[in-house]
Amino acid sequence: ADGGSMNIIAFPEPPTLFIGLDQNGSTQTVAGKIYESLLTFDFDFNPQPGLATSWEMSEDGLVYTFNLVQNATWHDGTPFTAHDVVFTCRDFLMEVHPRARVIFGNCETIEALDDHTVRFTLKQPFGPFLMGFEMSTAPMIPAHLYEGTDYRTNPNNDTPVGTGPFKLAEWSRGQFIRLERNPDYHGEGQPHLEELVFPILPDAGARAVALEQGQVQQSQFFDIELFDVPRLAELPHLDLISRGYEFYAPVARIEFNNRVAPFDDVRFRKAVNYALDRQLFADAIFFGLGVPATGPISKRTRFYSDDVTTYDYNLEQAEALLDEMGLTPDGDGVRTTVSFLRLPWGETWARFAEMVQQQLGQIGIRVEIEPSDPASWTQRYANWDFQMTSNYPYQFGDPALGVARFFISSNIRQGVAYSNCTGYSNPQVDALFEKSAHGVTDEERQAAYTEVQQILTDEVPMAWLVEVDFPTLLDTRYEDVIVSAIGTNETYRKAKLAAE
Amino acid sequence: MNPTLRRLSRDPKALIGFTILLVATLSAIFAPMLFPRDPWAMATRPFLPPFEDPEFWLGTDMLGRDIFAGLAYRARMSLIVGLASTVAAVVIGIVIGALAGYFGGWIDDVLMRVTEFFQTIPTFVFALLMVAILSPSMLSIIIAICIVSWPPVARLVRSEVASLRNRDFVRAATVLGESHGRIIVAQILPNTLSPVIAMASLMVASAILTEAAISFLGLGDPNRMSWGYMIGASRTVIRQAWWMSFFPGLVILLVVLALNLLGEALNDAFNPRLARRGRR
Amino acid sequence: MTRLVLSVLLRLAKAVGVVLAIVLLNFVLIRLAPGDPASVMAGQAGAADEQFMAQLRAQFGLDKPLPAQAWSYVSGVLQGDLGFSYRQGMPVSELILDRLPATLLLTGTAFAIALIGGVLMGMVAGLNAGRALDFIVSVVSLLFYATPLFWVGLMSILLFSVYLDWLPAFGMTQVGARFTGWEYVVDVARHLVLPATTLGLFYMAVYARMTRASILEVRDMDYVRTARAMGLPRRRMVRSHILRNALLPIITLAGIQAGQLVGGAILTETVFGWPGIGRLAFDALLQRDYQVLLGVFFVTSIMVVVFNMITDLLYRLVDPRIGAAA
Amino acid sequence: MSAPLLSIEGLTVALPGGGERAHAVRDVSLTLARGEVLCIVGESGSGKSITASAVMNLLPSDQLRITSGRVRYEGEDLLTLSERRMRRLRGDRISMIFQEPMTSLNPVATIGVQIEQVLEAHGVPARERAGRVQELVRAVGLPDPESIVKRYPFRLSGGQRQRVMIAMALAMEPDILIADEPTTALDVTTQAQILGLIRDLQRDRGMGVLFITHDFGVVADIADRVAVMQNGEVVETGPIERVLGAPEHPYTKKLIGAVPRFRETQADESRDAPILSVRGLTKIYRSGGLVRGVREVRAVDGVSFDIRRGETLGLVGESGSGKSTIGQCLLRIASVDAGEVRFDGQDIAHATGRALFDYRTRAQMVFQDPFASLNPRHTIGRSILAGPLAHKVPRPEAERRMARLLERVGLDAGAATRYPHEFSGGQRQRIGIARALAVEPDLLVADEAVSALDVSVQAQVLELLREIRDEFDLAMLFITHDLRVASNICDRVVVLHRGKIVEQGPVTEVFSRPAHAYTQELLGAVPGRSWHGDPQQGATPTHPIPVQQGATT
Ligand SMILES: Nc1ncnc2c1ncn2[C@@H]1O[C@H](COP(=O)(O)OP(=O)(O)OP(=O)(O)O)[C@@H](O)[C@H]1O
Ligand SMILES: Nc1ncnc2c1ncn2[C@@H]1O[C@H](COP(=O)(O)OP(=O)(O)OP(=O)(O)O)[C@@H](O)[C@H]1O
Ligand SMILES: [Mg+2]
Ligand SMILES: [Mg+2]
């Protein structure tokens, strides 16, 4: 049935709703309803129409042509045209969006063939090119408002203008954001819901209570502390949905700073890998919302291979490796002391750090936890000022986008977070990532990725522990809500209240 | 026996306060003997409610760690932070207050402006800022609490010193040729100590509360957890496991209560005249 | 009268100095903290490169030398411009004005509860010193005094929201509901109950203890003995001799605390998800949203100064001795 | 004699355990007739105040319990009355005024309101009150009645406040007025005025007055009958002439014998050059600041005098006249604003460093309050040794000096290890003297050194000072407000008024032939001038001094 509203948790409060400049998690969730991109992807990463109705790739993988919807307009009434696409991908994103630069930097030309046709010509084939048309990577920006302006100080940043099914109605800072239905939306009979309200709930306990008492109808990502999820999932009015995160599919891992002793010794890294009980992490830290990981690429995404070196929980082997290194226990049973830079994103990661501390303690590695807040964590991480830290970056639907960046030596860039901060460097790995990125067929790409996974799991610059399943808790009365690989960041053009 | 001590030993408030503190201190010291198991180690199943398993009769947390053992081990951090920050604050306060009160004039003016300055800053936010700058650790928390809590001591000492400065025995010392330093240290300060000691015991209490609050907000030292840290860590699971935040809170309450009782008793003991009034 | 004006002016000048010094000190201090807003945003976006960071820093003016930044900030403040939030992309003054009413409502209510309740409790205890009533009140206020605020908050949520389901646990208004008029007032009031009492309890204990002590002190004053010797009725003696004098120190204390309360509500605002300025400050601290944090310091310091002045004026009204020395 | 207005019969009040005696007051019996002034005298702690409070039923009952006795007023026992009935009597039939005028009035209520409250409390109709307040204010001689009722107590002087207290006490025309040392805190001149006022009002209205004092001079001026208390007991009662003229009890004799009286001292003029010579000494206290405007008090204004070795110079004047300030300037506790102070030829008014340090061994001070002048946390020995040790006297030598001095001031050697609170007031003052002497000074400044002591102790300490002055050939500046004491110890005297010297000369001369009107006024206000009773020497004055009457205005 049409009509009705839906309350969705927003946490933390988005700094802005102008998705072009900010891709925070909660910004995506809210702004994803306001802005659209050309494509979206089903759970198996098949492209689905967005602002593009159809598209085709040339045989050689060098030319992509998109046909755009005819009747789309911006929220201010201006028609959406191919020029907007060209402006967005050629000018805007290249200027401000680090992830988009990786994609559209491959383009030789981007041109509008007519008002509703756009052609991208690449310098060389780029396997994950279509993935770049996902909403957070390439949100369409209104050229008529931004062209020729200073994007970061453009006054329109405060009043988002997109093409999406919902528009901003009211933002009461610190309290809630309210979106209302866009009556001129291009989708036939869409959207169904009258409004979406995003209450800002900074406290995890409050979020759980709100969900439980039916004051909000949806939570996503780590909004709800994981141990609370099973309990809430039991409630009759809530469903637990774990689909819809395929595009992100993070692997929770420990990154070692491969430059510093003892982490520069592969035996030590292996010892740590053996000493961590992955199943226990999945159960105790992630409360079953995840499975033990085997390597850098998640099964949930593409190009995973299970033909890799695995590290089952094995303390003897771990200790043997340490003995071999000559790290023998002192009087207190301590072989060496290392520090662990704690990830500042909530209690889960605090427990994670405590668990690492306790488990490595069993083989005589004393772990000092270094607390941090978001700013200092990013600063220290980016500047390689750590020994170990945890992390769970998104994979963005393709290893070339979400995985390679952490391992290729050309991406060792001090001062840049989420680059190759571990300092791992292997020419063979560099070559394989290069090859697979520019592969045209999935088969040739898979072959290269399998080999990369084998090498990485053997040299373990990191310890991959758990493939995390984000939980979406959704009120059972709603349907067609989670329909794509970006799940809750989708437009919700199809979402509706089930007929009674 | 010293009459102050005698009065103190007869005061039930002092006895209750002292006993609680003694228990807390002893358990902080002897925790490793009372609970030989590693308090970090997963001991049994997570979320074990209290009073079910006699071995873990205050229950366990989300990682299956014994709450009771945790309370004993974590007493150390809470008590150390409370004591150390108070000692530091009292020292700063005494130095500044004594200089301002004794010399008066522009020295007094300058020092009191500084004190006022620190009293105008919203204290708790400022403490958080200090912890963030120094990055969370036991030392940074101690420094932060110290920085925001010395001004009242300085004011107290200043007014005491200023009034003592014109007392005849201080004048006598001046006339006898004792140096300023000696007069401050030997003549004046000992006579300001009783209110300062009474204030200090209350400051330890509020330092423990402040530390708990800082830890609660997630800026605690994860290597030296405190009771406040325990509450902060378990705040999100309050629905499942009330006992995880309840017991640490109760312990803080008891210790702070004990310090307050002791502070009051000290005050009464130093000021028998005032104490008697209360009982009329 | 001109002297009074002059003295207010002088105090104002001094206060402006103190507040500016606070802003400047904090400006320097906060830059010592590791990380900057650009790194926070990079961290949260989960991706970054050099160009991105440089753009952000240039946008925030962080690429200029620190003294230049300090100068432009302070001169801005002097012209009433509190700067711009890096994080929220809006003027700091707007942001603070947005949040301030919520905090004022919370702290104002808590303050009123604390002051009225505390003084009443202290009066009951002080006037019945040594009796059972005194003991009960003293024990209760000691308990309130010793309990961690955030813990009381948590426990009261557990009891009143979760188990009893009487009162909402968080926020200032019901999620998603858009009440107007009277309904809105009731809704906010219901949300206010728990945080305001939680915040108020501690201060209530402070005032109760102080009032009690003050009454005991005053009760032994010579002029009270005089009043007794003149045969004044007890009621009259209590009201016009004991209370009026005993409340003088409470005014001072309350004035100082009223100012501090505004910044001190962080914990309560965190526990109860109250959209106030304390929470804003805490988030700004974590996000290195320098200008917002400085703005909060600025506003709360001004609050302290203003409340101190109000206290002074009030004191002048109540106590004829003050200011008469001139 | 008709039935007494008030009779106290066998009153006993127990002290809380642990004190030096079991009873604050024991078996006290007194009567007060209508129209009579009964004075209770006795040393500090003898139970005078407690007796008075017991009559008003105002004792702190948890500490002081009345164990037996009756207080009859018009046949009723006040001690058994309910609080409500007692309240109606208080301030109506029986009123009381207290010693401390500065604190006995509510600081935040106008005096008009406070007087009116008494009327209101005892049922005077509202429309009559304002008029009555005016009448009362007029009756006690307060200036400008219309406006003064709107003032707050802090705007009144001590004497004026005491008048307000009296107005309140008399508001309901009580039968009995109890006055507990109402003039002790006041200046002699003000004291004389207040005493006159009480006496006049008492005569006009025929009240019975129970007047408590420790000053026999006051007794002589005001009493009809006297009761002498010692250690909580009444040792002697009787009509004033008999008790003062022919005391029976040994304690009464001792007390009366110790009362200082004017005495003629022969100054020895043939002495060498002055050791201290003060010229144009000026001291200005500044307070306030930018806003309030600087307020200047010329505490000392161009004062000049000399002191020789072996001579005692008295410094007299009313409260606030600048006596202490001069003493402090001489010892450089206070800075000197103008003028010079030559000690042994050297100007020490602006000496600093070494010179000042050396001067500190040569000029010393004995302070007024024996309780406040010793550090309560230091042993006596430590306090006495502090001076010599500061001046690098070797410890053994310093300790020898201390032993000698302790013996000299009449304390046993064991005293050195004890703390100040273990000594009586007189003993502490002796310790203070020993401490001053320990650095072997040439000049001793004694600021009200005996004022805080009971008369009998006062006499002993004065004697000690005299002996020491002669023995060590000291120059002594003796500051006092008590002219009789001054006449006893000083060779010469300086009369100070508002920071200026109005008269100076040999003590006998100044006191017997005061040249300045202010000196005359001071002398006239000394209480008990009509009484020169000295049981040993008969009631003849040693020296005739013209009595000035009518100082009351
Ligand atoms: N509240 C009290 N508690 C205990 N002892 C008291 C109290 N008040 C007075 N005393 C004791 O009772 C005795 C008599 O005291 P009181 O006040 O009557 O003396 P006083 O003759 O008035 O002396 P002064 O001349 O110093 O006023 C003293 O020994 C005193 O220490
Ligand atoms: N520290 C000070 N600051 C300001 N004024 C002062 C100070 N000390 C004393 N005065 C003023 O100086 C004047 C002289 O005071 P001083 O103490 O010398 O008088 P005094 O003759 O010793 O009086 P008393 O007999 O009461 O001791 C008084 O008016 C007093 O108020
Ligand atoms: Mg008395
Ligand atoms: Mg004096």
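This briefing covers the chain contacts and the two ligand sites of the structure above. The model is predicted. Five pairs of chains are in contact, and chains B and C share the most contacts of these. Chain A and chain D are not joined by any contact. Ligand 1 has D:Ser44 and D:Lys48 among its closest residues, and the residues around ligand 2 include D:Lys323 and D:Thr325.

**Chain C**

- Chain C has 13 helices and zero strands.
- Its pattern along the sequence is α-α-α-α-α-α-α-α-α-α-α-α-α.
- Along the principal axes, the C-alpha atoms of chain C fill a box of roughly 85 × 60 × 40 Å.

**Chain B with chain C**

- Chain B puts 41 residues into this contact, and chain C puts in 50 residues.
- The two chains bury about 4,200 Å² between them. Carbon and sulfur atoms account for 76% of that area.
- One salt bridge is counted between chain B and chain C. B:Glu264 pairs with C:Arg209, and their closest N and O atoms are 3.0 Å apart.
- Three residue pairs are in polar contact between chain B and chain C, with both residues at pLDDT 80 or more.
- On chain B, the elements that each supply at least two residues to the side touching chain C are helix 4 (105–120), helix 5 (123–134), helix 8 (180–219), helix 10 (242–270) and helix 11 (272–278).
- Helix 10 of chain B gives the largest share of that side, twelve residues.
- By class, the side of chain B that touches chain C has 28 nonpolar, seven polar and six charged residues.

**Chain C with chain D**

- This contact takes 28 residues from chain C and 34 residues from chain D.
- Chain C and chain D bury about 2,600 Å² between them. Of this area, 62% is on carbon and sulfur atoms.
- Here too the chains are linked by a salt bridge, and the count is one. The partners are D:Glu120 and C:Arg236, with their closest N and O atoms 2.7 Å apart.
- Between chain C and chain D, 13 residue pairs are in polar contact, both residues being at pLDDT 80 or more.
- Helix 1 (2–32), helix 9 (222–229) and helix 10 (234–264) of chain C each give two or more residues to the side that touches chain D.
- Helix 10 of chain C supplies the largest share of that side, seven residues.
- The side of chain C that touches chain D divides into 13 nonpolar, six polar and nine charged residues.

**Chain A and chain D**

- The closest C-alpha atoms of chain A and chain D lie 45 Å apart.

**Ligand 1 site, chain D**

- Ligand 1 is surrounded by 15 residues. The closest are D:Ser44, D:Gly45, D:Lys48, D:Ser49 and D:Ile50.
- D:Lys48 has a side-chain N or O atom 2.8 Å from an oxygen atom of ligand 1.
- D:Ser49 places a polar side-chain atom 2.7 Å from an oxygen atom of ligand 1.
- For D:Glu181, the distance from a side-chain N or O atom to an oxygen atom of ligand 1 is 3.3 Å.
- On its own, ligand 1 has 630 Å² of accessible area, and the protein covers 68% of it.
- Helix 1 (residues 48–56) of chain D gives the most to the shell around ligand 1, three residues.
- The shell around ligand 1 holds five nonpolar, six polar and four charged residues.

**Ligand 2 site, chain D**

- The residues around ligand 2 include D:Tyr285, D:Val297, D:Ala299, D:Glu318 and D:Glu448. Also among them is the run D:Ser319, D:Gly320, D:Ser321, D:Gly322, D:Lys323, D:Ser324 and D:Thr325.
- D:Thr325 has a polar side-chain atom 2.4 Å from an oxygen atom of ligand 2.
- D:Lys323 has a polar side-chain atom 2.8 Å from an oxygen atom of ligand 2.
- D:Ser321 uses its backbone: a polar atom there is 3.3 Å from an oxygen atom of ligand 2.
- Ligand 2 exposes 630 Å² when taken alone, and the protein buries 58% of that.
- Strand 12 (295–307) and helix 11 (323–330) of chain D each give two or more residues to the shell around ligand 2.
- Helix 11 of chain D has the largest share of this shell, three residues.
- By class, the shell around ligand 2 has three nonpolar, six polar and three charged residues.

Key:
Residues are numbered from 1 along each chain as its sequence is written. Chains are lettered from A and ligands numbered from 1 in the order in which they are written. This is a predicted model: local features need pLDDT of at least 70, side-chain atom pairs count only at pLDDT 80 or more; totals for chains, interfaces and linings use all residues. Side-chain values use heavy atoms; hydrogens and water are left out. A residue is near a molecule or strand if one of its heavy atoms lies within 4 Å of it. A polar contact is a pair of N or O atoms within 3.5 Å; within protein, one must be able to donate a hydrogen and the other to accept it, and residues adjacent in sequence count only if both atoms are side-chain atoms. Accessible areas come from the Shrake-Rupley method with a 1.4 Å probe; for residues, only the protein chains shown count as cover. Helices (H or I, at least four residues) and strands (E, at least two) are DSSP runs, numbered from the N terminus. Ala, Val, Leu, Ile, Met, Phe, Trp, Tyr, Cys and Pro count as nonpolar, Asp, Glu, Lys and Arg as charged, and the others, Gly among them, as polar. Contact means heavy atoms within 4.5 Å. Buried area is the accessible area (1.4 Å probe) that two parts lose on being put together, summed over both. A salt bridge is a side-chain nitrogen of Lys or Arg within 4 Å of a carboxyl oxygen of Asp or Glu.
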